[in-house]
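Please keep the sequence and the three-dimensional view at hand while reading.

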Amino acid sequence: MEKTAKSVWNNCLEFINDNVEDAVFNTWFKPIIPIKLTKSDLTIQVPSKFFYEWLEEHYVGVLRSAISKTLGEEAKLRYDVVMAYDYDNKKANIITIPSTKRTKPVQQQTLNMPNSQMGEINGVVNPFALPGLRRVKVDSQLNPNYSFDNFVVGESNRLAKSAGYAVSKNPGGTAFNPLFLFGGVGLGKTHLSHSIGIEVKERYPEKTVLYVSAEKFTQQFTEASRKNNRNDFINFYQMIDVLIIDDVQFFSTKKGTQDVFFQIFNHLHQIGKQLILTSDKAPVDMQGFENRLLSRFKWGLSAEINSADYNTRVEIIKTRNDKDGTVMPEEVVEFLASNITTNVRELEGALISLLAHASFSDEGLSIELARKVIKKFVKNTTKEISIDYIQKVVCDYFSMDMDVLQSKSRKRNVVQARQLAMFFAKRFTKASLASIGTQIGKRDHATVLHACKTVGNLSETDRNFKIYVEELDKKLSSMN
Ligand code: ADP
Ligand code: MG
């Protein structure tokens, strides 16, 4: 039977469906329309430029695998990208863009490359060589979409952004070394760390900048150890001027990697090179780390990124829309910003879902459509309980005023209520010990840590106390 764009795409979908989660499949692959097949060139239509970029960034691996499985290794992929929807003429402007990415995910190329193909700089093996070039530069691994221009600043990230910007103007030359950026998932740590790298490259093109996830660093190190290339690995990293390591919490309990990173860190720091680290927790809250490493994390500046407030969320949606050329009614923007409060990544996900639905229906971007789409979205995301809410529940339970709970009182019942609030805040939120302490009676992180231990101990030894814990746990869990 002759292959058509549709039959090929259906085959691809089957493969993709087996390889990604349902939510991903529904959001990112279902809205795609197969358009055209010539020889082994497949053209698919996607609802927006952002959608296209997202696919290329996150799912190009599975997409390419699916296509080469169905059409062979030579297969090419093109996207018809629906640009702005023209509401007057009820039709979309479409441009065609070829897939730019290589067939194999970058990671495989850099990690599985045999030694002889690895580029060398001054005789040093370079795991980030661009394949095919002999005298190579380090590929910075920076994503141009994650620039300062696209980064919206609000109360939640002002300090982190300012510090990052200062560092990019004068890498290695400020007191912010290392710059340690921390905060919950989807709040912009990766984006900000790329922005710094991009800005450095613009101001100082001769400087060697490298972005690497802690996970990839770990894999490379394991690989290097296996091949007895440990020294090459260290030498390579010691040549970098600005080293960005994302999600360093990944190093937790990995002693070998921590040791080698310690060595690289010391060398770079000593000769005035810049380190930028990100983590999902503050250094004081990190577990499974050697003290000497933790203490170095604190040498420079630790800057927290918090959840974006309403105004920042509005600004983020607007920036995104400008970039994609989307015209969105103000009320829809406000609706999204007030309903998706968890993190920026979810906000973007909701936005894309909405755009996808809008461009494939005649409804346009109406508030009704937004309601429909977002309803599904919000239901699927688990709400995080706030520390405020926890304090209220605890106060209600003990019939205590919030002021009393937050006071300096050392009365036993007050202390216990406060400790319980801290314990549950640790359990039910992603807030750091320090931030829990600040919000519950202006205490420090050590007090919170002590509270968590005490609650644990007491519930083992004191029956009444155990009942408090269980009942409060029930009340709070039913919120989730
Ligand atoms: P993290 O690394 O903290 O988990 P990311 O940096 O990956 O978060 O951010 C998630 C998504 O949200 C990215 O697409 C990013 O571009 C976007 N984002 C986060 N913060 C901002 C911001 N302040 N302005 C614009 N986009 C943001
Ligand atoms: Mg990240």
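## Terms and basis

Helices (H or I, at least four residues) and strands (E, at least two) are DSSP runs, numbered from the N terminus. The model is predicted: local features need pLDDT of at least 70, side-chain atom pairs count only at pLDDT 80 or more, and totals for chains, interfaces and linings use all residues. Residues are numbered from 1 along each chain as its sequence is written, chains are lettered from A and ligands numbered from 1 in the order in which they are written, and side-chain values use heavy atoms, with hydrogens and water left out.

Ligand 1 has 17 residues around it, of which G186, T190, H191, R345 and E348 come nearest; a residue is near if one of its heavy atoms lies within 4 Å. Helices α6 (189-203) and α13 (344-359) each supply at least two residues of this shell. Domain 2 (148-304) and domain 3 (310-379) each contribute at least three, the bounds coming from an automatic or database domain assignment.

A nitrogen atom of ligand 1 lies 2.8 Å from a backbone N or O atom of V152. Taken alone, ligand 1 exposes 550 Å², and the protein buries 94% of that (Shrake-Rupley method, 1.4 Å probe).

## Two serines in loops

S156 is located in the loop between β6 (124-126) and α5 (158-169). This serine counts as buried because its relative accessibility is 8%, the limit being under 20% (1.4 Å probe, protein chains only). Beyond its neighbours within four places in sequence, S156 is in contact with residues including E304, N306 and D309, contact meaning heavy atoms within 4.5 Å.

S252 belongs to the loop between β9 (242-246) and α9 (255-270). The side chain of S252 reaches the backbone oxygen of Q287 at 3.0 Å.

## Backbone features

N177 and P178 are joined by a cis peptide bond, with omega about 5°. P178 lies in the loop between α5 and β7 (179-182).

K39, in the loop between β1 (33-38) and β2 (41-46), has a positive phi near 45° although it is not a glycine. K39 counts as exposed because its relative accessibility is 84%, the limit being over 50%. N228, found in the loop between α7 (214-226) and α8 (230-237), has a positive phi of about 60°. N228 is exposed as well, at 69%.

Conventions: Polar contact = N/O pair within 3.5 Å; in protein donor to acceptor, adjacent residues only side chain to side chain.
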